[in-house]
Amino acid sequence: MGLQIVGWGTALPEKTLTNRDLEAQLDTSDQWIRERTGIRERRIGDSTAELAIEAGREALEHAEVDPASIDMMILCTTTPDQTVPATSAKVHEALGIGGGAFDLNAACAGFVYGIVVAESLLAANPAKRVLLIGADVLSRITDWTDRNTAVLFGDGAGAVVLQGCSDTDGQLLSSDVGADGSLSGILYADLGGKMKMEGAEVFKGAVRAMIGSSRRALESAGHRADEIALLVPHQANLRIIEAACQRLGIPADRAAIVLDRTGNTSSASIPLALIDAVRADRLSDGDLVLLTGFGAGMTWASAVVRWRESAR
Ligand code: UT7
């Protein structure tokens, strides 16, 4: 069995928080934030469920599929609205999903983890359609008095409808997932607490994880980095993306970038960047796309996808 992407949708809160706004409340500057991260502004507000419902509904409408025909909905999130039940329960109800639903937390690598899980569900049958959503409200666990982290994060959601198909029509060519729990102390939030991060350590780990994981995924797909038409990296810091591009041998202008407008939205960052590139007509039939993410845990995941216009 293969997997096709047959629809997509996004959601961002209405409220924009610019670097200038942050200058007014923190010892920071628009120039520092732009030069050290590439971020200009981020959106904040709404709950994880609200954003997931909006993005999920748009993806279902775009795919023109009945929500009742979705066999499984996976909500990738690191910021659930409640401890119990899973946030997917509310989203499932609001969208009228027919099958099951669960939350998946693999931090910023969550969406690519979700693709891998969806593929195995589709391969195992009876799941024929999966709604995969990445949604996070990092503003809720951000310490707005800590300039080391407050300038980085934002809220948002992105969703895709995935459908089973024959192996030859499948778009997912390969994947790589991994984790290293010995690094759990460099980026964390205790229950009810705010995020704490050793920025430089995360930066180094991120570049290492993205490069290693991307190379493994490319190798198992039987493709070279220079064949990649679009790189869709986790949107944490433009300098991390540029370092990864350089070491992988992918020109930086082939990277999909939304972090200038969204900041780091964790599980939502890869679908937001992918869908933004699709809407900007950056992909043609047959193009190779490399998705690669890393996050708290640390976790990492990469996938090589062949874009198919005909799937939509
Ligand atoms: O989804 C995964 C999550 N996170 C990440 O991927 C983040 C990974 N890390 C990073 O992106 C970068 O390490 C940061 C953006 C967090 C920090 O950038 P950096 O270039 O590594 O800065 P730094 O931590 O080495 O700090 C350099 C200086 C320090 O001042 P001194 O000690 O040189 O006087 C910091 O105190 O910049 C200062 N600084 C700031 N200055 C103005 C740190 N944050 C800020 C700020 N505004 N917001």
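Author: Seven bridges join β8 to strand β13 (residues 299–306), and the two run antiparallel. Strands here are DSSP runs of E with at least two residues, helices are runs of H or I with at least four, and both are numbered from the N terminus. Two strands count as paired if DSSP finds at least two bridges between them.

The model is predicted: local features need pLDDT of at least 70, side-chain atom pairs count only at pLDDT 80 or more, and totals for chains, interfaces and linings use all residues. Residues are numbered from 1 along each chain as its sequence is written, and side-chain values use heavy atoms, with hydrogens and water left out.

Now the whole sheet. Four strands make it up, in the order β8-β13-β12-β11. The sheet is open and its pairing is mixed. At the edges sit β8 (172–179) and β11 (230–233), each pairing on one side only. On average, neighbouring strands are turned by 10° against each other, direction ignored. Axes are lines fitted to C-alpha atoms, for helices over the stretch in contact; angles run from 0 to 180 degrees between N-to-C directions.

Next, the helices on the sheet. Helix α5 (residues 110–124) packs there and touches β8, β12 (288–295) and β13. Its direction makes about 120° with that of β8. Contact means heavy atoms within 4.5 Å. Helix α7 lies across β8, β11, β12 and β13. It runs at about 35° to β13.

α7 (residues 199–221) also meets a helix, α8 (residues 238–248). Their axes come within 10 Å and cross at roughly 40°. α7 and α8 are therefore oblique to each other. The angle classes are: under 35 degrees roughly parallel, over 145 roughly antiparallel, 65 to 115 roughly perpendicular, the rest oblique. The crossing of α7 and α8 is right-handed, meaning that the near helix is turned clockwise from the far one by less than a right angle.

Which residues of α7 and α8 meet? From α7 come F203, A206, V207, M210, I211, S214 and R215. From α8 come R239, I240, A243, A244, R247 and L248. By class, this contact has nine nonpolar, one polar and three charged residues. Nonpolar covers Ala, Val, Leu, Ile, Met, Phe, Trp, Tyr, Cys and Pro; charged covers Asp, Glu, Lys and Arg; the others, Gly among them, are polar.
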